[in-house]
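I opened a new notebook page for this chain today.

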Amino acid sequence: MKSAGSILSSLIKTLGIEDKMTIASLQREWSRLFNEPLSLHTYPVELKDGELLINVDSPLWLQELKFFKGDMLGKLRAYRIASIRFKHGRVYRSRRTAPATGTPDTAHGKKGISASEREWIEQIVSEIKDPELRDHLRALLEKAAMRRP
């Protein structure tokens with residue numbers, strides 16, 4: 001019998017949303033992965049075939065990041081990222097994650113799920129056309145989020 005994790009992993013690959021889930025996770029974790037000031041001037045915007053596109057808010061930082069590229073890539077290997085590319089663009093500070101403790105989102109009756117986790121889950125399931133499958137995947141992701149320490 002297969003574990004729920006392996007079934008879910010297989011489903012995610014079959015639906016073609018693996019990169020979308022990874023980028024959503026990176027966007028949530030960005031400020032924890034990279035300390036300030038780096039996290040304030042950069043933001044991951046796209047992932048395709050192992051290449052991460054990172055927006056940088058100024059030409060000065062764009063130039064400076066050449067020195068950090070290797071270190072950044074080292075931290076991102078855990079996300080199966082093989083290369084990174086920088087471009088001048090908008091950095092979305094308003095979508096940054098809340099502090100590590102997070103505030104449970106009890107307004108929706110789901111204890112233990114923060115607003116940022118709920119946003120991440122909705123971003124993931126938004127691409128799924130089948131409403132029943134979308135609801136099941138949402139429920140699985142919510143359960144997984146509630147079980148995390």
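**Ground rules.** I take helices (H or I, at least four residues) and strands (E, at least two) as DSSP runs, numbered from the N terminus. Residues are numbered from 1 along each chain as its sequence is written, and side-chain values use heavy atoms, with hydrogens and water left out. This is a predicted model, where local features need pLDDT of at least 70, side-chain atom pairs count only at pLDDT 80 or more, and totals for chains, interfaces and linings use all residues.

**Overview.** I found seven helices and three strands in the protein chain. Reading along the sequence, I noted the pattern α-α-α-β-β-α-α-β-α-α. Of the 149 residues, 38% are buried; buried means under 20% relative accessible area, exposed over 50%, and partly exposed in between (1.4 Å probe, protein chains only). I then looked at contacts, meaning heavy atoms within 4.5 Å. Among those with a separation of 6 or more, 62% link residues 24 or more positions apart.

**The sheet.** In what order do the strands of the open sheet lie? I read the order β1-β2-β3, with mixed pairing. β1 (42-48) and β3 (83-88) are at the edges and have a single partner strand each, so one side of each has no neighbour in the sheet. From one strand to the next, the twist averages 25°. As a reminder to myself, strands of a sheet pair through backbone hydrogen bonds, either parallel or antiparallel. Two strands count as paired here if DSSP finds at least two bridges between them. β1 and β2 are antiparallel over six bridges, whereas β2 (residues 51-56) and β3 are parallel, also over six bridges. I followed Val56 in both directions: Thr42 stands opposite Val56, and in β3 the bridge partner of Val56 is His88.

**The hairpin.** Two residues lie between the strands in the hairpin of β1 and β2. Asp49 is in that loop and has a positive phi of about 50°, although it is not a glycine. Is Asp49 buried or exposed? Asp49 is exposed, with a relative accessible area of 70%.

**Helix α2.** This helix covers residues 18-33. I found a kink of about 40° in α2, centred on Gln27; the bend at a residue is the angle between axes fitted to the seven residues ending there and the seven starting there. The buried residues of α2 include Met21, Thr22, Gln27 and Trp30. α2 lies across β1 and β2, running at about 170° to β1. For such angles, axes are lines fitted to C-alpha atoms, for helices over the stretch in contact, and angles run from 0 to 180 degrees between N-to-C directions. I checked Thr22 on its own: at 9% relative accessibility Thr22 counts as buried. Leaving aside neighbours within four places in sequence, Thr22 is in contact with Leu47, Tyr79 and Arg80.

Arg80 has a positive phi of about 60° although it is not a glycine, and at 54% relative accessibility it counts as exposed. A cis peptide bond joins Glu36 and Pro37, with omega about 5°.

**The cores.** A nonpolar core is a set of buried Ala, Val, Leu, Ile, Met, Phe, Trp, Tyr and Cys residues joined through side-chain atoms within 4.5 Å. Which residues have the most contacts inside the largest core? I listed Leu52, Met72, Leu76, Ile81 and Ile84, in a core of 19 residues. α2, β2, α5 and β3 each supply at least two residues of this core, and α2 gives the most, with four. Apart from it lies another core, of 12 residues, among them Ile17, Ala24, Leu137 and Ala145. Back at Ile84, its contacts beyond four places in sequence include Leu52, Met72 and Leu76. Helix α5 (residues 69-76) lies across β2 and β3, at about 125° to β3.

In α6, I found Glu117, Arg118, Trp120, Ile121, Ile124 and Val125 buried. Seen down the axis of α6, these buried residues fall within an arc of 160°, so they line one face of the helix; the arc is that of the directions from the helix axis to the C-beta atoms. My last stop was Ser126, in the loop between α6 (115-125) and α7 (131-147). Ser126 is partly exposed, with a relative accessible area of 46%.
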